[in-house]
Amino acid sequence: MTTMTGSRPTLSPAARIARMHKQGKLTALLLFLPPALVLFTLFVIWPIFNAANLSFFKWSGYGAIDNFIGTQNYQRLAKHSVFHQSLWNSLKLILASLFIQIPLALTLALLIYKKTSANTAFRLIFFAPYILAEIASGVIWSFIFDGDFGVSGQIAAALGIDPFYILADRQFAFLAIITVVVWKYFGYHMMIFIAALQAVPEDLLEAAEIDGAGRWQKVFYVELPLIMHAIKLSAFFAIVGALQVFDIIIPLTNGGPSNSTHSIVSYLYTYGLAQLNVGYGAAVGVVLFILCMVTAFSYRRLAMGKGGAL
Amino acid sequence: MNRPGFFLALVRAAVLSIVAALVIVPLIATFLGGFKSVGELRASPFGLPPVWRVETYTEILGGSVFWGYIQNSLIISFSAVFLTLMLASMAAYIFAQIRFFGSKYIQAYLLLGLMFPFATAIVPLFLQIRDFGLLDNPLGVILPQTAFSMAFAIVLLRSFFQQLPKELFEAAYVDGCGYIGFFFRFTLPLSTPILATVGTFVFVQSWNNYLLPLVVINDSAGYTWPLGIMRYRGEFMVEWNRILAFVSLTILPALIFFTFTQKYIVAGLTRGSVKG
């Protein structure tokens with residue numbers, strides 16, 4: 001915490017700085033630290049603070065910022081049905097991540113965490129969608145879901161019915177998006193679980209076996225409790241990730257049909273940035289920021305005693 | 001093998017194969033789709049092409065548009081990686097090597113960067129980039145990407161630097177090597193594994209990034225490849241064979257590169273989650 005530890009005599013701040021200078025520490029400090037700090041402040045911290053400020057104004061991005069409108073942006077936001085839909089969509093994504101994606105990833109991790117060459121191949125395959133760009137994944141799946149070409153086209157043709165355009169269907173379009181999100185990210189969660197499972201000490205499993213534990217008992221009483229922190233971390237990433245889905249939605253539905261598939265970020269982009277409603281977009285950003293913060297702090301509370309694995 | 005064991009092995013193989021097929025089939029269909037005509041694609045989206053037409057691919061590869069996108073993306077991604085590694089390792093070195101008043105506070109300040117995605121601040125970020133005159137300039141993408149990678153990079157680098165043997169520095173210091181000299185002559189060369197991890201990770205993020213270039217770059221000559229894909233799709237709408245060929249060409253090099261660097265990507269992802 002401080003510069004001094006142990007039994008060394010306490011020096012005045014000026015003397016400390018003089019000593020650091022003599023040792024060459026001060027030069028290193030002044031040369032090495034500021035570039036990172038300045039860049040971080042200019043492009044990360046300042047915009048966040050600025051968002052909080054701008055969210056109380058009506059501003060088109062040009063000229064003086066003098067049209068203070070108090071909390072009107074937030075009030076409009078609270079009343080906008082498309083925003084409600086985008087929050088609801090984000091919640092659906094979170095639920096799908098927690099109850100479909102993570103169990104799937106965990107099952108697969110348990111099946112292939114041991115180091116064999118076949119397992120390595122599977123791991124490579126399952127992880128591939130994660131490194132693919134969201135835009136590319138979205139375009140590929142918009143082909144698969146295209147009523148004239150991909151899967152739905154094939155099924156419709158086989159059944160002799162009219163082609164079904166799932167991405168243009170209010171009821172099912174978001175289900176399609178959820179499918180792509182699970183497809184894209186399950187490998188990422190699986191990798192977290194595999195790393196954690198490989199760190200489970202071998203002798204604990206052997207001890208359990210000697211005590212007569214079966215296959216399932218080893219999973220439920222040894223492995224799962226020992227990788228609980230990884231599961232929590234994974235859930236945290238899933239929630240924060242679900243809150244910021246954007247790139248996948250644009251090529252798939254672009255928020256449509258009739259604005260039913262927006263995420264918070266695509267809503268922000270469409271209503272705030274694309275139309276240069278700076279104040280309004282900033283207000284959406286602030287809401288998103290608060291949601292992320294709440295998630296981060298609840299995660300910290302949940303994972304207490306772990307020193308916050310963040 | 002006993003019978004329940006055999007049965008379980010069978011279920012396991014079935015589950016793994018089905019999931020693997022669900023991952024691979026869309027990718028292969030994309031790749032094969034580029035060899036088909038629109039009519040063939042409509043008749044059989046997933047099968048092998050009846051005739052292997054290479055025109056669609058060669059047309060894209062022969063034009064300058066595709067290479068322009070790739071070049072822009074490469075410039076941005078490599079610059080972001082270089083800048084992040086440089087600035088973050090310098091800062092991480094200070095935190096690992098020098099104790100000074102305020103060190104903890106500055107680190108806590110930087111950790112804020114791990115808490116939120118840059119979509120939250122995209123509107124003011126856009127204004128900031130505009131006011132700096134960096135719209136339609138690669139730097140307008142590179143600098144914010146670097147800034148948003150900073151927190152994660154510093155955390156990983158600092159913990160690695162702290163594990164380097166202290167005696168090494170003491171010996172070098174006695175021999176007249178200063179803090180700055182030590183950083184360049186010892187710390188950096190000894191840290192290649194972690195630099196590769198952070199570098200690969202930043203590269204993937206930058207290479208795949210869509211929102212920031214979308215906001216910053218308007219002139220199509222400066223488009224990165226994700227913007228290029230969307231533009232190309234807008235141009236050719238229902239000519240799926242062209243779009244699929246274009247997508248294949250953009251993701252193929254990435255898939256190959258990432259397969260080889262997978263080790264580093266995974267290391268970046270799972271660090272911290274294991275130790276908890």
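Me: Which residues touch the most other members of the largest nonpolar core?

Reply: In this predicted model, the largest nonpolar core has 165 residues. Such a core is a set of buried Ala, Val, Leu, Ile, Met, Phe, Trp, Tyr and Cys residues joined through C-beta atoms within 7 Å; buried means that 20 or more other C-beta atoms, placed from the backbone, lie within 10 Å of the residue's own. Those touching the most other members are A:Phe193, B:Ala91, B:Ile122, B:Met150 and B:Ile154.

Me: And which helix gives the largest share of this core?

Reply: Helices are DSSP runs of H or I with at least four residues, numbered from the N terminus. The largest share is 20 residues. They come from residues 173–198 of chain A, helix H8.

Me: With which residues is B:Ile122 in contact, leaving aside neighbours within four places in sequence?

Reply: Contact asks for C-beta atoms, placed from the backbone, within 7 Å. With those sequence neighbours set aside, the partners of B:Ile122 are A:Leu268, A:Leu273, A:Gly285, B:Leu211 and B:Val215.

Me: Which helix of chain B gives the largest share of the side that touches chain A?

Reply: The contact takes 83 residues from chain A and 79 residues from chain B. On the chain B side, 15 residues come from one helix, spanning 240–270. That is helix H13.

Me: What is the pTM of the complex, and how is the model to be read?

Reply: Residues are numbered from 1 along each chain as its sequence is written, with chains lettered from A and ligands numbered from 1 in the order written. For the complex, the predictor gives an ipTM of 0.90 and a pTM of 0.88.

Me: Over which residues of chain B is the pLDDT below 50?

Reply: Chain B averages a pLDDT of 88, and 96% of its residues score at least 70. Where pLDDT is low, the predicted coordinates should not be read in detail. In chain B, the stretch below 50 is residues 272–276.

Technical notes:
Predicted model: local features only at pLDDT ≥ 70, side-chain atom pairs only at ≥ 80, totals over all residues. pLDDT = per-residue confidence, 0-100. Contact = placed C-beta atoms within 7 Å. Helix = DSSP H or I, 4+ residues; strand = E, 2+ residues; numbered from the N terminus. Buried ≥ 20, exposed ≤ 12 C-beta atoms within 10 Å, placed from the backbone.
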